[in-house]
Amino acid sequence: MASTISVEFCGEWYRVEDGEELTIGREADLAIDEDNPFLHRRFLTIVQVESMWWLVNIGSRLSATVTDGIGSMQAWLAPGARIPLVFDVTKVVFTAGPTTYDLSVHAESPEFARIAGPEDPAGETTVGSVQLTPSQKLLILGLAEPMLTREGSGMSSVPTSAQAAARLGWPLTKFNRKLDNVCDKLDRLGVRGLRGGPGKLASNRRARLVEHAVFSRLVSSEDLHLLEQSQDADED
């Protein structure tokens, strides 16, 4: 059966007809950001294999976070990996250099029809069993504020540690200590990309933390008022 895929980025729509392919990158069918040298010229592609649509990472360095429309499923799309586009809406977010991008993929005839259950996350409920202290939540909000205040899909910059610490009124040493604690906690729960490993650096962990927290709904725009409150919790 014929089916189509539509991609929305920065309010613009790109339609992929049955049997076609769409590349995403700096110099691609969907040109995300022509001025960002950290972004692959061709990073992602949406391609149809038989009747199934796939999102494929054709880059060599960057990874992407992929989630369903309500944030109950999240996957890590590393270079060379692919994932089927089975949901009616699939969110894709990735970071290249100082900039984070997100777009949404809409399936006209999704392969998977999700039925909400009584324990499904809804509204402000956090996905999973992650318990954050007040100061840990503030730290994430300090980093995620640009993405949470932006409407729709598009691009945003993740603050540096110094900028986020200043926003929170914390010493940089305190911010870095709490960042370590949050990343360690999520890493133990299986969230990838938050810690260095053999031959790897966690230099992009702030961006990865924002990607995970926003798209799994650990934080939302409804939490931003907390940044205006004077909080200096000592919990780790």
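R15 is partly exposed, with 49% relative accessible area. Partly exposed means between the cut-offs for buried (under 20% relative accessible area) and exposed (over 50%), with a 1.4 Å probe and protein chains only.

This is a predicted model, in which local features need pLDDT of at least 70 and side-chain atom pairs count only at pLDDT 80 or more, while totals for chains, interfaces and linings use all residues. Residues are numbered from 1 along each chain as its sequence is written, and side-chain values use heavy atoms, with hydrogens and water left out.

A salt bridge here is a side-chain nitrogen of Lys or Arg within 4 Å of a carboxyl oxygen of Asp or Glu. The count comes to 9 salt bridges. Three of them are tabulated.

| Pair | N to O distance |
|---|---|
| R15 and E108 | 3.3 Å |
| E145 and R167 | 3.0 Å |
| E228 and R167 | 2.8 Å |

The R15 and E108 side chains meet in a salt bridge. R15 sits in strand β2 (residues 12-16), E108 in the loop between β11 (99-107) and α1 (134-149); 93 residues separate them. Helices (H or I, at least four residues) and strands (E, at least two) are DSSP runs, numbered from the N terminus.

R167 is partly exposed, at 31% relative accessibility. R167 pairs with E145. E145 lies in helix α1 and R167 in helix α2 (residues 161-168), so this bridge ties together parts 22 residues apart in sequence.

R167 also bridges to E228. E228 lies in the segment after α4 (205-215), so its link to helix α2 spans 61 residues in sequence. E228 is exposed, at 61% relative accessibility. Shared partners join R15, E17 and E108 into one salt-bridge network.
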